[in-house]
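Subject: Handing over the structure

Dear colleague,

I am passing on the structure that I have been working through, and below it you will find what turned up. Please keep it open while you read, so that you can follow each residue as it is named.

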Amino acid sequence: MNFDAKWLYVTKINLAICMAIFLIYFPKLTQAQNTPVSMAVKNEGDIPVSQVLFKIGQSKADSNRVNLYLELSHLYWHQKESKTHYIDSCLIFAKTARDLSYKLNFLNGINESQFLVCRISVELNQIGSAMQVVKTVSGEEKVRLLLILGEHYIFQPNTDSITIKPAKTYLLQAINLSQAINSKRWLYQSQLTFAKFYFAQADLESGKKVMMEIIKACDQSKDYENEAHFWSELGHYIPETNKTFNDIIRINYNAVHFYLKTKNIKEAAYVFRDIATLNGDWVSIDTCEKQMLQVIAMLNSIQVTPSYATYFILANVYENKGQYDLALKYMLKALSVPESNKKLRLRGKRILGDIYFDLKMYKKSLSVYQELFDAAKEQKSLSLYILCYTLVKNNILIGNSAPMPQFLKQILRNYPPVTANDKQLLAASFGDAYNSVADYPKAEQYYLKMIRLEKKVESDQGKDFAMRFTVSGSSAYFSIGEFYVNRKRFPKQNLIFLKLWLSLLIRA
């Protein structure tokens, strides 16, 4: 065999060996991803959909177009509650991004689009479709998708031991795969989700045991940043009761300690904020105020602008204390800070309206309430009748009573109430509206309807956690009591009279 033939023979052998090694280690190489430890869909803020669509029309079929498709899918995801068809648009653009990513062999695009397709499929309860996506990925990305499936069963409404059972299978697969690919950060995330599995079943001890395994591992490896994070997570998932209060406070102080140990003052401040709100709920509002001001001072010391939620909490504290000037100061500061959570921002505007109302700045409160009411109509929000009730009150106080009965008739025609609470709010609004224009027979008719709905509303209150505002109870009896006192008339029903009279004494 001449030299050239030998060289070619040896080269072929070497190539064969290299290919064999590659095939052996290829699965591990594909698993060595740098998948972000997050199962949340990215929030793109308030970018107009039309703007992204225009950019797509101007782009080439490259990775930039993939990112634009993904951006569009993110936008539709975060708007899915306002328009039911947006979830379908979200899925279409995620699949379009995936198809183009495969053509371009664009790994980041493949991972993010597969994540979105899986997440949307789970949201639509299409578990079979989600499992098909899981089969196409590997490594950390597979762990991520298994956790999405697990969380789907954990956070089902009215969770019981049967509905939550499939979660355990997915979570154990995620834990085992994280260990196999030696991904410590995804192992911690998998264990955290497994702890949530126990917490969702009110198995507090098992949940704490899993969390303490993570915390112990972080401490042994001197990973104090993660140790602080998981102490904080543990504090979030333990239910607040008289028995657990001191334990939660201790857990949160541990988180503050380890964040300070790593000189992470920002995160230490935000955990201290959790301690402040706990004290506000269980100890005293004065303690909460003092600690919230410390949180602001900590953030200012490192030149970090306090978040929307931080100012929001402090504004709430001062509103509850009746210090409306300070409440207004901090709520305006909150609303000047960007906040991607639209629901939280709307809650802030609602409180701003209430503060203006308490300060007797009725024109300003009316402007805020009207803005919120218009948004609630567009989104068919649960808060529609709460805002309707508030708008009527506000208009009456600025002397704009005459249009109110017709306004309410239009609302009733276009947005008929469904729940007993909404019906009672509407009846109370009609009562106030007719009372303000001196149509007393109709006012009495609606006030009595409001009282007749009382038992049903009280019954629903124990079942509906979304019922954040109601006129049920003393407010309802005070309204009808005040109406009869001003008319110098009293109802014949002794029970109603006794209740409304007691209510008047309470309000005095």
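Leu72 touches Val49, Val52, Leu53, Ile56 and Phe93 when residues up to four places away in sequence are not counted, a contact being heavy atoms within 4.5 Å. This is a predicted model, in which local features need pLDDT of at least 70 and side-chain atom pairs count only at pLDDT 80 or more, while totals for chains, interfaces and linings use all residues. Residues are numbered from 1 along each chain as its sequence is written, and side-chain values use heavy atoms, with hydrogens and water left out.

Leu72 also belongs to the largest nonpolar core, which has 85 residues, and together with Ile120, Leu145, Phe197, Met211, Phe230 and Leu234 it touches the most other members. A nonpolar core here is a set of buried Ala, Val, Leu, Ile, Met, Phe, Trp, Tyr and Cys residues joined through side-chain atoms within 4.5 Å, and buried means under 20% relative accessible area, with exposed over 50% and partly exposed in between (1.4 Å probe, protein chains only). Helix 9, residues 184–200, gives the most to this core, with nine residues; helices are DSSP runs of H or I with at least four residues, numbered from the N terminus. Apart from this core lies another, of 60 residues, including Ile296, Phe312, Ala315 and Ile386.

Next come the aromatic rings. Rings of Phe, Tyr and Trp (its six-membered ring) pair if their centres lie within 6.5 Å, and planes under 30 degrees apart count as stacked, over 60 as edge-to-face and the rest as tilted. By this rule the count comes to 23 aromatic pairs. One of them joins Tyr188 and Phe230 edge-to-face, at 5.8 Å centre to centre and with 75° between the planes, and it links distant parts of the chain, since Tyr188 sits in helix 9 and Phe230 in helix 11 (residues 224–237), 42 residues apart. Tyr188 is buried, with a relative accessible area of 4%, and Phe230 counts as buried at 3%. Tyr447 and Phe483 form a tilted pair, 5.3 Å centre to centre with 55° between the planes. Tyr447 lies in helix 22 (residues 440–452) and Phe483 in helix 24, so this pair ties together parts that are 36 residues apart in sequence. Ring pairs also link Tyr69, Tyr76, Tyr86 and Phe93 into a cluster.

Which residues lie closest to the centre of the second largest pocket? Of the 25 residues that line this pocket, they are Phe357, Tyr389, Lys393, Asp432 and Ser479. Helix 24 gives the most to the lining, with six residues, and the lining divides into ten nonpolar, seven polar and eight charged residues. (A pocket is an open set of points on a 1 Å grid over the protein atoms alone, where a 1.4 Å probe fits, with protein on both sides within 12 Å along at least five of seven lines; lining residues have an atom within 4 Å of a point.)

Asp432, found in helix 21, is buried, with a relative accessible area of 10%. Leaving aside neighbours within four places in sequence, Asp432 is in contact with Tyr389, Val392, Lys393, Ile396 and Tyr447.

With best wishes

Note on methods: Helix = DSSP H or I, 4+ residues; strand = E, 2+ residues; numbered from the N terminus. Nonpolar A, V, L, I, M, F, W, Y, C, P; charged D, E, K, R; others polar.
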